[in-house]
Amino acid sequence: MTISGDIKKACAREALDIIQNHSVIGLGGGSTISHLIEFIREKPNFKISVVTPSTSTRLLCLKNGLDVLHTELVDHIDLAFDGCDQVDEQLNALKSGGGIHTKEKLIASMADDYILLVDESKFVPVLTFEKPVVLEILEDSMAYVQKNAELLGGKPIMRQSNAKDGFTVSDNGHLLMDVYFNHVADISKLESDLQAIHGVIDTSLFVNVATKALVAGENNMKWYSKPAEEVKN
């Protein structure tokens, strides 16, 4: 399904409306976030500070004259916006592409609200796991994590790229392992079980992290919220 740029722009403009002047916001990556950056720049007398785990987003913010803070100096974020590969009605989300999920979860945990901006093709009743859960792992733990991921029913594959010899390394200097699952009966338990494997730094499965999702379609825009007591930061 091809999603038009107009839908992504409309989603970004809707998100802009809830950002307050002089606030600190977190921004992930993707085209919708890029549109949001442009709208922030165009808004007169609007001053915000940005925290981001994405190199591309950081450079785009700087190019557009936005104030970018060093994450290590920040302990609170007012709002954070991000995309994902898929999000379900319980606001469980899967982010498989960028390999920066550890930093994304850090920013999410600092934010009063962590909001996913997606088009309707990415919103499903329950996560389908068509894409892998990505584990950021210590190099020494590779064989051990592989074995334990298989015991949980996963098919682990070390991430590699044609652009680089050897395994793909995260911005943190760690290996990335893609783990494919055919069927997941309990998403929360899977996340807990993967996190419990020694050597796993974090996973790209976001459970009880997102507080809201803005889902954009051809003819409508809809907000979904999770009860505050169900969100664990």
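A disulfide is taken here as a pair of cysteine sulfur atoms within 2.5 Å, and a search of the whole structure finds zero of them. The structure is a predicted model, in which local features need pLDDT of at least 70 and side-chain atom pairs count only at pLDDT 80 or more, whereas totals for chains, interfaces and linings use all residues. Residues are numbered from 1 along each chain as its sequence is written, and side-chain values use heavy atoms, with hydrogens and water left out.

The sulfur of cysteine 84 lies 11 Å from the closest cysteine sulfur, that of cysteine 11, which is too far for a bond. For cysteine 61 the closest cysteine sulfur also belongs to cysteine 11, at 17 Å, again too far for a bond. Cysteine 61 is buried at 0% relative accessibility, where buried means under 20% relative accessible area, exposed over 50%, and partly exposed in between (1.4 Å probe, protein chains only). Cysteine 84 is likewise buried, at 7%.

Helices (H or I, at least four residues) and strands (E, at least two) are DSSP runs, numbered from the N terminus. Two strands pair if DSSP finds at least two bridges between them, and an open sheet of four strands, paired antiparallel, has the order 10-13-9-14. Its edge strands, each pairing on one side only, are strand 10 (154-158) and strand 14 (200-203), and the twist averages 30° from one strand to the next. Within this sheet, strand 9 (residues 133-137) and strand 13 (residues 175-181) are joined by five bridges, and valine 134 stands opposite aspartate 178 of strand 13.

Contact means heavy atoms within 4.5 Å, and axes are lines fitted to C-alpha atoms, for helices over the stretch in contact, with angles running from 0 to 180 degrees between N-to-C directions. Helix 4 (residues 101-110) lies across strands 9, 13 and 14, at about 70° to strand 14, while helix 5 (residues 142-151) lies across strands 9, 10, 13 and 14, at about 155° to strand 10.

A nonpolar core is a set of buried Ala, Val, Leu, Ile, Met, Phe, Trp, Tyr and Cys residues joined through side-chain atoms within 4.5 Å. The largest has 24 residues, and those with the most contacts inside it include Ile19, Ile25 and Phe81. Among the elements giving two or more residues to this core are helix 1 (5-16), strand 1 (24-27) and helix 2 (31-42). Not counting residues up to four places away in sequence, isoleucine 25 touches several residues, including Ile40, Val51 and Leu79.
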